[in-house]
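Reader: I've just been handed this one and could use a guided tour. Can we go through it in questions and answers?

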Amino acid sequence: MKKASLFILFLIISVFTEAAIQLPAIFCDHMVLQQQTDAPVWGKANLGATVKITTSWDHKHYSVQAAATNGRWDVKIKTPVAGGPYQITLSDGKEIKLRDVLIGEVWICSGQSNMQMPVKETNNLPDTGSNKVIVTSANAAIRLFPVDLNKSLKPLDDLSGQWKECISEHVADFSAAAYFFGRMIQNVLNVPVGLIWSSYGGSKIETWMSEAGIEPYKWVKLPDQNDESDVSPFTTPTVLFNAMIHPLVGYAIKGGIWYQGESNVQEPEHYRQLLPRLIENWRSAWKIGEFPFYYVQIAPFDYGNTINSAFLRESQLKVLNSVPNTGMACLMDAGEEKNIHPANKKVVGERLAYIALAKTYGIKGIEYSGPVFQSMSVNGNLVTLTFSHAKNRLNSFGKELKHFKIAGKDKRFYQARAVITDAEIKLFSFQVDQPVAVRYAFDNFVVGELFNTEGLPASSFRTDEWDE
């Protein structure tokens with residue numbers, strides 16, 4: 001009897017002396033916290049337990065009580081200007097230490113397979129020099145958080161993954177677009193950068209939106225949360241948001257980058273509504289205002305005779321005018337006719353970085369966008385087009401402008417002769433006496449030839465809204 005009593009006492013002591021603090025995967029060694037903000041930290045502990053937190057950068061103490069119902073606790077900690085490494089100590093009677101914590105700039109990087117393609121070479125893709133990139137990638141000021149693939153019909157509280165140091169073996173398997181973006185941001189700002197990479201190849205945009213986000217669109221069928229029989233990470237609405245975004249909501253970020261659209265290429269009109277809604281959905285979930293959201297326009301590719309991907313590219317282009325604090329990286333010069341995964345991901349990441357550096361971080365003296373069509377005027381059979389983002393003039397770098405077409409009221413398009421005059425293009429066709437519409441590179445696969453002098457390409461565009 002005495003031995004039994006001692007054993008029970010031992011169990012009781014063990015329960016109350018063993019650390020019961022549980023942290024989501026995003027809070028671990030090597031993590032990056034967003035600088036100069038009130039960064040949320042949360043987790044679970046014994047019901048009603050007091051959790052104490054100490055931050056080594058200012059030796060400040062925080063105290064929070066876990067909920068009596070589910071043990072959930074959350075607290076906001078003040079972060080300083082960029083720096084580190086630091087430590088965060090958490091205790092409910094027994095300590096947990098988060099080591100090698102950096103303070104800097106945190107970005108979430110999401111989308112489908114073109115965001116998922118790794119830095120290392122993959123089968124049947126041309127050599128892009130990735131071996132040199134990987135072997136020279138060690139950088140103590142960059143941290144990587146790859147989110148493991150998952151799907152769920154209901155919002156999850158946690159996910160699988162861990163912060164990793166930026167060394168060759170980790171960079172090799174990390175998103176190439178995200179890595180090149182982060183590398184340029186870190187190099188220019190000279191502050192720590194944290195990249196949270198959450199993407200899933202082949203996924204439609206609906207999978208990355210919450211139930212509340214997708215609900216207004218009646219053409220989207222929301223799944224039955226109790227029916228696991230037919231759940232696809234590629235097409236089932238909400239399942240990737242629930243599993244791979246929802247657990248991250250609240251983690252302090254600077255902004256997001258997005259590379260997706262190929263799986264929605266047959267639904268450009270729907271995408272024109274869904275992309276702004278996704279941005280609004282994520283911003284609403286994070287509750288930190290209209291944080292920067294920069295995305296990649298899908299590259300030209302031969303989708304076959306029944307699809308013209310220019311319409312999806314147009315939908316992405318139009319989002320710039322409808323959603324604040326957004327930017328688009330154009331890839332009109334980087335697509336590959338027979339490869340939906342263009343190999344040059346360095347240009348993707350760096351063009352996204354130009355946008356962030358100019359619009360988010362205020363770097364002066366750089367251009368971040370290719371020429372954007374502004375206006376059209378007609379004088380007889382001569383058409384004049386003007387463009388923004390061409391203050392140092394337009395440029396074709398010696399190539400003839402072959403992708404402009406003109407149509408009259410009959411809606412029949414003819415090849416146009418086009419010349420650059422500073423920030424304008426003048427064009428005409430002998431076959432169109434009274435031009436009413438112009439299209440540029442408005443084809444499924446095309447290699448763009450119109451740039452600004454800074455070397456950034458113009459998107460395909462059209463001045464009409466005629467049904468096809």
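Reader: How many bridges join strand 15 to strand 20?
Author: This is a predicted model, where local features need pLDDT of at least 70, side-chain atom pairs count only at pLDDT 80 or more, and totals for chains, interfaces and linings use all residues. Residues are numbered from 1 along each chain as its sequence is written, and side-chain values use heavy atoms, with hydrogens and water left out. Strands (E, at least two residues) and helices (H or I, at least four) are DSSP runs numbered from the N terminus, and two strands pair if DSSP finds at least two bridges between them. Strand 15 and strand 20 (residues 424-428) run antiparallel, and the bridges joining them number four.

Reader: And which residue is the bridge partner of Leu385 in strand 20?
Author: Leu385 finds its partner across in strand 20. That partner is Ile425.

Reader: Is strand 15 largely enclosed or open, and why?
Author: Buried means under 20% relative accessible area, exposed over 50%, and partly exposed in between (1.4 Å probe, protein chains only). In strand 15 (residues 382-388), five of the seven residues are buried, so the rest of the structure leaves this strand largely enclosed.

Reader: What sits in the turn between strand 14 and strand 15?
Author: Strand 14 (residues 372-379) pairs with strand 15 in the antiparallel sense over seven bridges, and Asn379 stands opposite Leu382. The two strands make a hairpin with two residues between them. In that turn, the residue with a positive phi of about 70° is Gly380.

Reader: Moving on to strand 7, how many of its residues are buried?
Author: Strand 7 covers residues 95-111, which makes 17 residues. It is largely enclosed by the rest of the structure because the number buried is 13.

Reader: Which residues have the most contacts inside the largest nonpolar core?
Author: A nonpolar core is a set of buried Ala, Val, Leu, Ile, Met, Phe, Trp, Tyr and Cys residues joined through side-chain atoms within 4.5 Å. The largest one here has 100 residues, and its largest share, seven residues, comes from helix 8. The ones with the most contacts inside it are Trp73, Tyr251, Phe404 and Ile425.

Reader: At what angle do the axes of helix 8 and helix 9 cross?
Author: Axes are lines fitted to C-alpha atoms, for helices over the stretch in contact (heavy atoms within 4.5 Å), and angles run from 0 to 180 degrees between N-to-C directions. The axes of helix 8 (residues 268-286) and helix 9 (residues 310-322) come within 9 Å. They cross at roughly 40°.

Reader: What is the order of strands in the open sheet of four?
Author: The pairing in this sheet is antiparallel. Strand 18 (413-415) and strand 23 (461-462) are the edge strands, each pairing on one side only. Strand 17 (residues 404-407) is joined to strand 18 by three bridges, with Ala407 opposite Phe413. The order is 18-17-21-23.
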